[in-house]
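Q: I have not looked at this one before. Can you take me through it?
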Amino acid sequence: MQEEKLRLEDLLESSQSSNVDDDRINNVAIIGAGIMGQGIAQTVAGMGLEVILVEIDADKLESAKAQLTETIDREIKRWAMTKSDKKAIFSRIKWETDPNAVKDCEIIIEAVQEDFDLKVSIFKQLDKIANAEAIFISNTSTLSLTKISESISRSSKVIGMHFLNPVPKIPMVELVKSLHTSNETVLKVKEFASRIGKTPVEVYEYPGFITTRAIVPLINEAMHMLLEGIATAKDIDTALKLGYNFQYGPLEMADAMGLDEVLTWMETLYKTLGEPRYRPNPMIRKLVRERKLGKKTGEGIFKYDEHGNKIN
Ligand code: NAD
């Protein structure tokens with residue numbers, strides 16, 4: 001009896017203490033250090049796990065490093081983070097351009113652009129490099145995990161983890177099961193989600209899952225209202241923010257997401273679900289054509305200074 005009690009205490013202690021000498025996920029790779037890749041890296045490293053962040057070339061890698069530094073510095077200025085948080089996060093992120101660096105990782109999260117062929121080519125490449133047990137995660141917002149997973153041999157170990165922007169501040173993640181995802185993969189990824197401070201919501205694969213499918217028509221409608229001259233962009237956002245107690249208005253949200261990404265989601269949802277509410281409005285097409293992609297390029301619906309603060 002006494003022995004059993006001691007064993008239980010040992011177990012409890014080990015589950016609360018060190019995060020390196022247990023059999024849970026400890027090494028995570030992220031492919032793509034754009035808006036989402038940086039946010040996921042900050043979150044995962046912030047929870048004490050080691051991260052390898054892979055970009056396509058050295059220039060992109062350097063600019064991602066500079067952007068993440070600026071994001072965290074802004075949080076430090078707001079007293080939301082400390083300098084030692086920043087130091088701890090950066091000490092756990094390894095910045096890489098060589099995909100072979102991910103070979104020992106237990107979880108690999110792809111966060112490259114919403115392009116089916118690109119995602120498949122990356123998974124095919126990683127399938128040859130990664131440990132056979134490694135779980136492959138996609139952050140896709142609209143694409144079919146079943147189709148992506150069928151391109152590689154480890155289909156049962158492929159799952160979607162749909163993080164939302166800004167990742168460190170959103171306490172939820174959608175876990176998207178494909179037709180081939182095994183229960184074991186779901187369980188492991190659920191544990192990983194909780195470990196990095198996110199409440200997992202399970203969803204079967206369907207275009208747009210829950211969150212993208214719901215937010216895209218709202219953004220589209222807000223843009224239509226702006227096009228029809230009903231109100232200014234600022235007032236549309238203020239009405240929805242204060243009226244419904246939203247943290248962000250749909251227009252500033254679209255700018256933060258990246259208008260190119262939002263347009264791709266609209267196009268995919270319109271093509272797959274056929275509903276007119278997803279048909280991209282002409283304004284988003286024009287802004288994307290002009291490379292006014294929102295916060296990341298300094299202009300979208302609103303304008304931004306070099307620190308990403310809204311200036312109109
Ligand atoms: P992004 O364009 O900001 O970043 C993508 C990054 O991937 C770029 O820096 C690019 O250089 C890099 N990349 C491309 N090919 C690569 C390769 N072979 N190896 C390494 N890096 C490579 O895109 P994002 O907004 O971060 O979106 C990424 C994914 O997350 C998309 O699937 C998107 O649908 C999804 N998503 C985005 C948001 C959002 O709000 N932006 C929210 C949820 C999900």
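Q: Let's start with D237. What is it in contact with, leaving aside neighbours within four places in sequence?
A: This is a predicted model. In it, D237 is in contact with G249, P250, L251, E252 and F302, once neighbours within four places in sequence are left aside.

Q: Which helix does D237 lie in?
A: D237 lies in helix α9, residues 233-244.

Q: And is D237 buried or exposed?
A: D237 counts as buried, because its relative accessibility is 3% and the cut-off for buried is under 20%.

Q: How far is D237 from M253, C-alpha to C-alpha?
A: Their C-alpha atoms are separated by 9.3 Å, and the two residues are 16 apart along the chain.

Q: Switching topic. What domains does the assignment give?
A: The domain assignment gives domain 1 (25-204) and domain 2 (212-304). Their C-alpha centres lie 25 Å apart.

Q: How many residues are in contact across the two domains?
A: 9 residues of domain 1 are in contact with 10 residues of domain 2.

Q: Where does the second largest pocket lie?
A: Domain 1 and domain 2 both give residues to its lining, so the second largest pocket lies between them. Its volume is about 380 Å³.

Q: What lines that pocket?
A: The second largest pocket is lined by 14 residues, and T142, L143, S144, T268 and T272 lie nearest its centre. Helix α11 (residues 259-273) gives the largest share of the lining, 5 residues. By class, the lining has 4 nonpolar, 5 polar and 5 charged residues.

Q: What about the largest nonpolar core, how many residues has it?
A: The largest nonpolar core has 37 residues. V28, I40, I93, I109, M161, F163 and F192 have the most contacts inside it. A second, separate core has 28 residues, including V216, I219, L287 and Y304.

Q: Back to V28. What is it in contact with beyond four places in sequence?
A: Among the residues in contact with V28 are V44, L49, I107, I109 and F192.

Q: Now the backbone. Which peptide bond is cis?
A: The bond from N165 to P166 is cis, with omega near -5°. P166 is in the loop between β6 (158-163) and β7 (172-177).

Q: What is phi for F209 and R291?
A: Phi of F209 is near 50° and phi of R291 is near 60°. F209 lies in the loop between β8 (199-204) and α8 (211-227), while R291 lies in the segment after α12 (282-289).

Q: Are those two buried or exposed?
A: F209 counts as buried at 5% relative accessibility, whereas R291 counts as exposed at 54%.

Note on methods. Residues are numbered from 1 along each chain as its sequence is written. This is a predicted model: local features need pLDDT of at least 70, side-chain atom pairs count only at pLDDT 80 or more; totals for chains, interfaces and linings use all residues. Side-chain values use heavy atoms; hydrogens and water are left out. A nonpolar core is a set of buried Ala, Val, Leu, Ile, Met, Phe, Trp, Tyr and Cys residues joined through side-chain atoms within 4.5 Å. Buried means under 20% relative accessible area, exposed over 50%, partly exposed in between (1.4 Å probe, protein chains only). Contact means heavy atoms within 4.5 Å. On a 1 Å grid over the protein atoms alone, a cavity is a set of points where a 1.4 Å probe fits but cannot get out, and a pocket is an open set with protein on both sides within 12 Å along at least five of seven lines; lining residues have an atom within 4 Å of a point. Grid points are joined across faces, edges and corners, and a volume is the space filled by probe spheres set on the points. Helices (H or I, at least four residues) and strands (E, at least two) are DSSP runs, numbered from the N terminus. Ala, Val, Leu, Ile, Met, Phe, Trp, Tyr, Cys and Pro count as nonpolar, Asp, Glu, Lys and Arg as charged, and the others, Gly among them, as polar. Domain bounds come from an automatic or database domain assignment.
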